[in-house]
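Please have a look at the structure shown here. The paragraphs that follow lead through it, beginning with a sheet.

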Amino acid sequence: MLRSLRFFSTSSVKHVSDKARFVPTSGFYPKGYKVGAYSSGVKKDNKLDLAMLVSETPASAAAVFTQNKFKAAPVLASQSVLKQSLGSDINAIVINSGCANAVTGEGGLKDAYAMIEKVDTTIGNKTSHPSTLVMSTGVIGQRLQMNKILPAIPELANKKLGSNHDSWLTCAKGIMTTDTFPKLVSKNFTIDGTSYSLAGLAKGAGMICPNMATLLGFFVTDAPVTPKALNSILKHAVDHSFNCISVDGDMSTNDTISALANGAAGGQLIDENSPNYDVIKNEITSFAKQLAQLVVRDGEGATKFITLKVEDALSYEDAKTVANSISNSALVKTAMFGKDANWGRILCATGYAGVEVEPSKTNVSFIPVDGSAELKLLVNGEPENVDEERASEILESEDLEIKISLGTGGGHSCEFWTCDLSHEYVTINGDYRS
């Protein structure tokens, strides 16, 4: 467990409902940022639908985007901003929810740029390039209601931004769609005697599958990091976190995870050759894993949080491919929902993943979360006489770990997170637009 992570602290988490225990009541927030959210009227019942983060000093920036061929307008616009700026002097991130601005043609692209320009004008951008990243989430194929969004940007920027916990939590609520709780994580850490903070939020509950997931999110720090170093750190962190989760096997058009580092806490500038480069990379990667896991815990209709540990692969990529195959198997996911220890489905998904496996040395086990002995299902390719009653007891738990050893002798492993597939998932997505 990461030190100082607030959303797992029993003293700071509300136990109002099942999912509410993941919502923090306090946190550690980096210096020099203001955040918030506002209701522009795009969503019904005055729900929050516009969120913003502003760095009080220009920041280094990096982002990782969807690999879907139909990239949404905000993805294309943000890619352009990062290219023009070379990842330097970025001042803000603006996010609208309720409409994805995806597959909206040239008009949608103009809308994305209009949002960027409005934020830049409002906050007083002094650079020679656009300094705002833009994200959108919601229904695909519809144009943004710019008559509502553009006037709301100054209202949000001038009146609704703050730096306290409530402001951060409100910002996290402002980007939700089918999410059942706001996903917010923060921590502090020390490098060479200087204390830094890291905070991040994300939205995502469905259309979750690498690479990445139906994710919008960002994390920011007050540590001083060069754009090039931040870019490589973010790619590593995402590859080991947001690219290691799956809910339903669908990849969105809008996936974006961005990172900012404004250096407001001081200290020596960190680049790829700095002795502290690996330190901050590890801090951000472990942080990103915690945030990514919240997305899986909020999977649409999910009743189980499943950790897959694939071991003894020839490479990390092979282990990850197998984990992805298992996590996206509808048969595996429905078996987990039904609390059925049908390990043959796990083995089947392992076998068709397309990587090297040694069948006579393959092992599969359930690992109980209470610390009791693992339940071996397959040992060196031979099926065990499974205690079905014990298996049912393990599968009653919300959390479950499945360990698969491929027996190749390669020694590489990957940890991956997924959930089950329930009747409720169909209900949610059957009437998403109604």
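In this predicted model, 7 strands form an open sheet with mixed pairing, and their order is β8-β15-β10-β14-β11-β12-β13. The edges are taken by β8 (245–246) and β13 (382–383); each has a single partner strand, so one side of each is left without a neighbour in the sheet. Strands of a sheet pair through backbone hydrogen bonds, and the pairing can be parallel or antiparallel.

Strand β10 (residues 305–313) runs antiparallel to strand β15 (residues 412–419), and 7 bridges join the two. Within this pair, L308 of the chain stands opposite F416 in β15. Helix α7 (residues 316–327) packs on the sheet, where it touches β8, β10, β14 (399–405) and β15. The direction of α7 makes about 20° with that of β15.

Another element to pick out is helix α2 (residues 105–123). The buried residues of α2 are G107, G108, L109, D111, A112, M115, I116, V119 and D120. An α-helix has 3.6 residues a turn, so residues three or four places apart point the same way. The buried residues of α2 are covered by parts of the chain that include the strands β2 (50–65), β3 (90–99) and β4 (132–139), together with the helices α1 (73–85) and α3 (146–159). Just after α2 comes G124, with a positive phi of about 80°.

Next, the cysteines. How many disulfides does a search of the whole structure find? The search finds 0. For C244, the closest cysteine sulfur belongs to C414 and lies 4.0 Å away; a disulfide needs the two sulfur atoms within 2.5 Å, so this pair is too far apart for a bond. C244 is buried, with a relative accessible area of 0%. C171 is also buried, and its relative accessible area is 0%.

Finally, the chain as a whole. It holds 11 helices and 15 strands. Of its 434 residues, 56% are buried. Among contacts with a separation of 6 or more, 79% are between residues 24 or more positions apart. The accessible surface of the chain comes to about 17500 Å², and carbon and sulfur atoms account for 48% of that surface.

Definitions and conventions
Residues numbered from 1 in each chain as written. Predicted model: local features only at pLDDT ≥ 70, side-chain atom pairs only at ≥ 80, totals over all residues. Heavy atoms only, no water. Helix = DSSP H or I, 4+ residues; strand = E, 2+ residues; numbered from the N terminus. Buried < 20%, exposed > 50% of the residue type's maximum accessible area, 1.4 Å probe, protein only. Contact = heavy atoms within 4.5 Å. Areas by Shrake-Rupley, 256 points an atom, 1.4 Å probe, with all protein chains shown as cover. Pairing = 2+ DSSP bridges. Axes fitted to C-alpha atoms, helices over the stretch in contact; angles between N-to-C directions.
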